[in-house]
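User: I would like to learn how to read a structure of this kind, feature by feature. Please give the general idea where there is one, and then the case at hand.

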Number of protein chains: 2
Amino acid sequence: MDMGTTLAHTDDGQLVNEVLDGFFTRAKVRAGAMHPQYLGLWEHLEACTVGGKRFRPRLVMTTYSLLGGTNTTAAATVAASYELLHTALIIHDDVVDQDFTRRGVPNLAGAYRSLATDQGSSPEKAEHTGASAAVIAGDLALANAYRFLAEVDADPATRQRLGDLLDEAVVASAAGELLDVLAPLDPMPQTVDQVLEMSKLKTAVYSFDTPLRAGAVLAGADQELVEALGEFGRIIGTAYQVADDLVGAFGDESRTGKTGWGDLREGKRTALISYAAEQPQWNRIKELLAQDLTAADAAEIRELLVASGARDKTLKLAADLTERALDVLVQPFVPQALRDGLSPLSRLVTDRMGV
Amino acid sequence: MDMGTTLAHTDDGQLVNEVLDGFFTRAKVRAGAMHPQYLGLWEHLEACTVGGKRFRPRLVMTTYSLLGGTNTTAAATVAASYELLHTALIIHDDVVDQDFTRRGVPNLAGAYRSLATDQGSSPEKAEHTGASAAVIAGDLALANAYRFLAEVDADPATRQRLGDLLDEAVVASAAGELLDVLAPLDPMPQTVDQVLEMSKLKTAVYSFDTPLRAGAVLAGADQELVEALGEFGRIIGTAYQVADDLVGAFGDESRTGKTGWGDLREGKRTALISYAAEQPQWNRIKELLAQDLTAADAAEIRELLVASGARDKTLKLAADLTERALDVLVQPFVPQALRDGLSPLSRLVTDRMGV
């Protein structure tokens with residue numbers, strides 16, 4: 001998710017980097033004293049974190065600063081907590097999805113799979129070694145997301161509310177991930193509402209909703225504003241996912257960095273697919289999805305998605321959700337600076353609607 | 001691990017149950033409001049926790065009480081934290097070990113494997129569904145181990161030290177698990193020292209060392225005593241594992257509840273096996289371990305383990321470690337009541353040496 005153009009760059013990003021760097025430096029010293037192989041795991045874990053765009057930290061820092069918060073070290077610590085939560089969730093999500101690469105390069109599980117393969121393990125055993133290392137690394141990231149919160153310089157009540165928010169993020173993302181895991185067991189295609197609910201729980205709550213609220217809580221914002229930011233985050237985060245699914249199906253790989261038909265091939269449940277499932281074209285699409293897709297098959301599916309009206313409906317859904325999200329920000333109790341600072345997040349969605 | 005005869009039963013156990021019951025009741029209400037399938041996951045998670053012997057909570061409560069602690073609700077909250085950590089670690093350890101049963105009944109992964117099988121998934125896909133649900137459930141248990149600590153009624157400095165201890169437990173168990181995962185990649189059999197180190201990290205630290213220290217820290221014990229309890233815990237916990245491995249190889253299934261040769265069949269690295277690997281009988285043992293073991297093969301391995309002297313060396317190691325652990329407790333600064341209360345833990349080891 002490239003936030004380069006949507007949120008202002010400030011020294012805050014540097015501060016988050018410093019907090020995370022300091023954490024990993026200490027962790028690696030400790031791990032290295034225990035075992036060289038353990039140091040290796042921490043190095044891989046750090047690489048997972050460093051590779052990201054720091055999107056969630058930016059939401060925390062931006063909200064905090066725009067609400068007048070001045071204890072940027074405390075905010076950076078909260079921000080680092082959400083970054084580690086994100087690291088934990090993508091590492092474990094890759095285990096669930098049996099993915100061994102991320103953005104074209106080996107992920108943590110992929111690195112350990114290679115290690116096992118190099119030592120003579122069978123492909124199956126090597127995959128399991130990779131997945132096992134990823135389970136362990138994700139646990140370390142998750143545990144330390146909580147540890148960061150315990151270190152935030154804030155009064156007990158604020159710290160308690162920050163803990164409740166992290167808890168909400170973890171509970172929601174686990175719910176979304178479970179629904180995603182169990183969805184294929186249901187013979188009925190998911191409805192659009194089910195897809196949106198899953199996507200909200202799995203991604204929007206921890207990636208948008210709770211980081212925004214955490215920044216506001218730390219800045220001492222009123223409950224009304226905190227809740228509005230959460231609502232904005234859940235809706236814009238869901239809109240983002242709807243639009244991102246369009247990229248998965250229609251995107252130009254060279255421009256978006258996503259493989260054009262990866263989502264289609266994996267049979268991923270998306271709003272786009274749910275709309276298509278209500279139309280006569282669905283039978284043919286289902287037939288194509290059930291087999292190993294060729295490029296020609298994928299092109300045919302895309303044509304059917306357009307012909308069925310599913311693409312237009314998805315575009316409209318993303319646009320409607322974005323509008324609803326922005327409406328939340330125009331309420332009078334939302335400070336102008338915050339509205340101006342966060343509204344550009346809608347470009348995350350509209351950028352993806354041009355595909 | 002049956003602690004029925006080794007630590008005094010008190011009302012403390014009831015208090016820990018109440019803390020955990022309250023937690024799961026609230027969590028299930030919240031999960032049920034999100035999705036019925038999510039409620040199901042929490043019910044399975046609760047079943048994992050309820051099924052245990054509450055060994056780690058008992059260590060926390062016993063140490064705290066014997067050191068004169070009176071805020072038993074705070075102690076029960078710390079105890080509940082270690083119980084949830086244990087739940088998280090066994091659930092994820094079962095994923096790593098690809099185990100779908102525990103003590104003869106389906107574990108959490110096994111329950112979801114059955115669910116997927118019932119819905120028509122292939123055996124391979126069903127196993128992955130089970131493992132995925134277990135990754136998610138373990139994450140929830142781990143996150144809530146940290147949440148419990150945030151709720152402990154204690155001053156900030158004590159709370160910080162309790163957080164450091166939980167962190168030590170998580171960091172050590174992850175290190176031990178990783179070494180266990182990567183050990184098969186090393187063509188050399190592990191030395192006894194390597195096995196003991198892995199076992200200390202993977203189990204003794206979180207199951208003995210840190211619960212004992214946490215009880216003492218909460219009770220306001222001196223640093224000297226806290227560290228001695230940790231040392232006692234690490235050594236007795238390692239001794240327990242050495243003796244337990246004997247049960248795995250020589251135990252009578254009907255009496256111990258462990259399958260007599262499960263450990264041998266899985267090629268588990270144990271002190272017993274490391275001793276055997278130094279002897280001429282090892283070539284034949286290795287030959288047998290490499291194939292699907294029959295009962296006759298297992299009997300032959302047992303004879304070779306005795307003939308090689310590995311069994312006797314293992315018994316001596318367990319006895320020596322137990323003695324070393326008890327020596328820690330006889331230091332003059334260890335209160336008599338605590339020494340009397342914790343020394344019976346040595347029976348956990350000696351009980352296993354009679355096999």
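User: Which residues are buried in α14(B)?

Analyst: Keep in mind from the start that this is a predicted model. In α14(B), the buried residues are D297(B), A298(B), I301(B), L304(B) and L305(B). Seen down the helix axis, these buried residues fall within an arc of 120°, so they line one face of α14(B). On the other side of the helix, A295(B), A296(B), E303(B) and A307(B) are exposed.

User: What span should helix α14 of chain B have, and how far apart are its end C-alpha atoms?

Analyst: Helix α14 covers residues 295-307 of chain B, and at 1.5 Å a residue its 13 residues should span 18 Å. The end C-alpha atoms are 18 Å apart, which agrees. After the helix comes G309(B), with a positive phi near 85°.

User: Which residues of helix α17 of chain B are buried, and what do they pack against?

Analyst: In α17 (residues 346-353), the buried residues are S346(B), L348(B), V349(B) and R352(B). They fall within an arc of 160° when seen down the axis of α17(B), so they line one face of this helix too. Their packing partners in chain B are α3 (55-66), α8 (192-218), α9 (223-250), α15 (310-329) and α16 (336-342).

User: Is R54(B) buried or exposed, and is R103(B) buried or exposed?

Analyst: R54(B) has a relative accessibility of 13% and therefore counts as buried. R103(B) is at 62% and therefore counts as exposed.

User: How many residues does the largest nonpolar core have, and which have the most contacts inside it?

Analyst: The largest nonpolar core has 246 residues. Those with the most contacts inside it are Y38, L41 and L85 of chain A, and Y38, L41 and L85 of chain B. Take L85(A) as an example: apart from residues up to four places away in sequence, L85(A) touches L142(A), A145(A), L166(A), A169(A), V170(A) and Y206(A).

User: Where is A88(B), and what is it in contact with?

Analyst: A88(B) sits in helix α4 (residues 72-97) of chain B. At 3% relative accessibility, A88(B) counts as buried. Leaving aside neighbours within four places in sequence, A88(B) is in contact with G138(B), A141(B) and L142(B). The C-alpha atoms of A88(B) and C48(B) are 9.3 Å apart, although 40 residues separate the two along the chain.

User: What does T158(B) touch?

Analyst: T158(B) is in helix α7 (residues 156-182) of chain B. With 14% relative accessibility it counts as buried. Not counting residues up to four places away in sequence, T158(B) touches V217(B) and L218(B).

User: What is E168(A) in contact with?

Analyst: E168(A) lies in helix α7 (residues 156-182) of chain A. With a relative accessible area of 31%, E168(A) is partly exposed. Leaving aside neighbours within four places in sequence, it is in contact with V205(A), T210(A) and R213(A), and with R30(B) of chain B.

User: How is the size of an interface expressed?

Analyst: It is often given as the accessible area lost when the parts come together. Here chain A and chain B bury about 4300 Å² between them, and 70% of that is on carbon and sulfur atoms. In chain A, R147(A), L178(A) and L185(A) lose the most area to chain B, together 15% of what that side buries. Counted by contact, 45 residues of chain A meet 45 residues of chain B.

User: How confident is the prediction for chain A, on average?

Analyst: The average pLDDT of chain A is 91, and 92% of its residues score at least 70. Over residues 1-5 of chain A, however, the pLDDT is below 50. Beyond near neighbours in sequence, this stretch has 17 contacts in the model. Where pLDDT is low, the predicted coordinates should not be read in detail.

Definitions and conventions
Residues are numbered from 1 along each chain as its sequence is written. Chains are lettered from A and ligands numbered from 1 in the order in which they are written. This is a predicted model: local features need pLDDT of at least 70, side-chain atom pairs count only at pLDDT 80 or more; totals for chains, interfaces and linings use all residues. Side-chain values use heavy atoms; hydrogens and water are left out. A nonpolar core is a set of buried Ala, Val, Leu, Ile, Met, Phe, Trp, Tyr and Cys residues joined through side-chain atoms within 4.5 Å. Buried means under 20% relative accessible area, exposed over 50%, partly exposed in between (1.4 Å probe, protein chains only). Contact means heavy atoms within 4.5 Å. Helices (H or I, at least four residues) and strands (E, at least two) are DSSP runs, numbered from the N terminus. The expected span of a helix is 1.5 Å times one less than its number of residues. The arc is that of the directions from the helix axis to the C-beta atoms. pLDDT is the predictor's confidence in each residue, from 0 to 100. Buried area is the accessible area (1.4 Å probe) that two parts lose on being put together, summed over both.
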